[in-house]
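Please keep the sequence and the structure in view while reading.

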Amino acid sequence: MKVLEEVKPKVATKNLLEIRNLKKYFPIKGGVIQRTTGHVKAVDDISFDIQEGETLGIVGESGSGKSTLGRVILRLLSATDGTITFDGNNLTHLKERELRNYRKDMQIIFQDPFSSLNSKMNVYELIEEALVIQTKLAKPERKKKVEAIVEKVGLRIEDLQKYPHEFSGGQRQRISIARALVNNPKFVVCDEPVSALDVSIQAQVLNLMMDLQDELGLTYLFIAHDLSVVKHISDRIIVMYLGRVAEIAPKNNLYDNPKHPYTQALLDSVSVVDRGENRVPEREKIVLKGTMPSPANPPSGCAFRTRCPFAFDRCSQERPELTEVEPGHFAACHLHTGVKDPVSKLVQYS
Ligand code: ADP
Ligand code: MG
């Protein structure tokens with residue numbers, strides 16, 4: 001456990017979430033009788049902590065398992081294996097009725113505010129619904145809470161009578177944020193909340209989310225598919241590839257000194273201004289070739305080896321463990337597992 005504590009960048013408080021060896025395998029059915037013929041390993045043995053008040057960024061190409069991870073943590077999907085501990089409580093096997101006590105503390109904001117908001121409800125009803133479902137508050141108290149959060153997210157009281165289609169994408173995302181936050185949650189999974197927005201609007205929504213985090217003491221798991229979006233908002237970042245963690249590090253370490261070739265390739269694919277200013281210069285640019293293999297049939301050894309310019313024999317034979325390469329900075333890559341004493345540097349996560 002000592003190892004994980006060193007990763008935490010903020011003043012030590014406590015772990016709000018502890019994820020251990022989490023797996024989510026989706027069965028693949030085939031044939032006339034719909035037998036299970038294999039599994040999509042969307043999340044495959046992932047462990048990490050999230051500290052109270054922290055923003056943990058999760059980055060990886062589409063299909064790497066980010067949304068599944070977020071949903072399993074919130075218990076919107078059941079885990080295949082592993083444990084989810086939230087605020088000291090093991091949620092992994094709780095029944096829906098028992099989960100009700102925690103539902104209000106754990107919320108999600110989706111990428112597409114249009115499809116996630118019921119178009120037949122006005123803004124007031126959309127936000128109030130969260131309170132109706134999750135609390136026993138009387139109508140006047142609900143009204144007070146709705147009006148307070150609407151003001152906090154930068155909408156006007158007049159907007160409450162309007163419908164989602166009357167707003168721009170950025171404003172609609174403010175409605176989703178109000179809906180997620182109206183009941184004072186502790187933890188919010190933000191699943192690509194700005195990916196569908198114009199670049200000019202993205203910064204506004206990100207700034208709003210950061211302000212609200214400070215004001216309301218929120219903890220975020222912030223999902224994005226490229227490294228430019230999570231740069232400002234995250235304290236630490238996890239890079240995912242094919243359902244596994246490729247690299248985890250405090251933000252600046254990750255941008256300035258990426259260790260995993262996949263992280264390097266992701267960084268090289270974003271524009272120069274978005275990259276770390278102090279990054280090690282003498283590194284060849286890595287262009288990510290081809291597409292991600294199917295998570296139903298991942299390559300042996302290191303899942304990234306089929307696209308990695310540095311792959312060597314060991315990469316196809318042995319799966320690289322997540323290894324501490326610098327204090328608080330972990331990578332799952334044989335270029336690094338071989339560099340230092342591989343035994344003492346193995347991370348004991350569980
Ligand atoms: P990301 O959010 O990183 O794009 P997802 O978590 O959506 O990735 O998907 C990870 C993998 O799991 C993909 O191969 C996807 O097709 C598969 N997957 C996601 N949800 C389901 C599901 N309900 N049933 C079967 N496969 C799924
Ligand atoms: Mg997704």
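In which hand does α5 pass α6? The crossing of α5 past α6 is right-handed. The model examined here is a predicted one.

## Helices α5 and α6

Helix α5 covers residues 123-134, and helix α6 covers residues 139-152. The two helices pack at an angle of about 120 degrees, and their axes are 10 Å apart.

On the α5 side, the contact involves Tyr-124, Ile-127, Glu-128, Leu-131 and Val-132. These residues meet Lys-139, Arg-142, Lys-143, Lys-145, Val-146, Ile-149 and Val-150 of α6. Sorted by class, the contact of α5 with α6 holds seven nonpolar and five charged residues, with no polar ones.

## Helices α5 and α7

Helix α5 also packs against α7: their axes come within 7 Å and cross at roughly 30 degrees. Since angles under 35 degrees count as roughly parallel, α5 is roughly parallel to α7. The crossing of this pair is right-handed.

From α5, the contact is made by Val-123, Leu-126, Ile-127, Glu-129 and Ala-130. From α7, Ile-175, Ala-178 and Arg-179 take part. Six residues of the contact of α5 with α7 are nonpolar and two are charged, while none is polar.

## Helices α7 and α8

Helix α7 (residues 169-181) packs against helix α8 (residues 199-216) at an angle of about 20 degrees, with the axes 10 Å apart. Therefore α7 is roughly parallel to α8. Here too, α7 passes α8 in a right-handed crossing.

Helix α7 contributes Gly-170, Gln-173, Arg-174, Ile-177 and Leu-181 to the contact. Helix α8 contributes Ile-201, Gln-204, Val-205, Leu-208, Met-209, Leu-212 and Leu-216. By class, the contact of α7 with α8 comprises eight nonpolar residues, three polar residues and one charged residue.

## The surroundings of ligand 1

Which residues surround ligand 1? They are Phe-26, Val-40, Ala-42, Glu-61, Ser-62, Gly-63, Ser-64, Gly-65, Lys-66, Ser-67, Thr-68 and Pro-295.

A polar backbone atom of Gly-63 is 2.6 Å from an oxygen atom of ligand 1. For Ser-64, a backbone N or O atom lies 3.2 Å from a ligand oxygen atom. Ser-67 instead uses its side chain, with a polar atom 2.9 Å from an oxygen atom of ligand 1.

Note on methods. Residues are numbered from 1 along each chain as its sequence is written. Chains are lettered from A and ligands numbered from 1 in the order in which they are written. This is a predicted model: local features need pLDDT of at least 70, side-chain atom pairs count only at pLDDT 80 or more; totals for chains, interfaces and linings use all residues. Side-chain values use heavy atoms; hydrogens and water are left out. Axes are lines fitted to C-alpha atoms, for helices over the stretch in contact, and angles run from 0 to 180 degrees between N-to-C directions. Helices (H or I, at least four residues) and strands (E, at least two) are DSSP runs, numbered from the N terminus. Angles under 35 degrees count as roughly parallel, over 145 as roughly antiparallel, 65 to 115 as roughly perpendicular and the rest as oblique. A crossing is left-handed if the near helix is turned anticlockwise from the far one by less than a right angle, and right-handed if clockwise. Contact means heavy atoms within 4.5 Å. Ala, Val, Leu, Ile, Met, Phe, Trp, Tyr, Cys and Pro count as nonpolar, Asp, Glu, Lys and Arg as charged, and the others, Gly among them, as polar. A residue is near a molecule or strand if one of its heavy atoms lies within 4 Å of it. A polar contact is a pair of N or O atoms within 3.5 Å; within protein, one must be able to donate a hydrogen and the other to accept it, and residues adjacent in sequence count only if both atoms are side-chain atoms.
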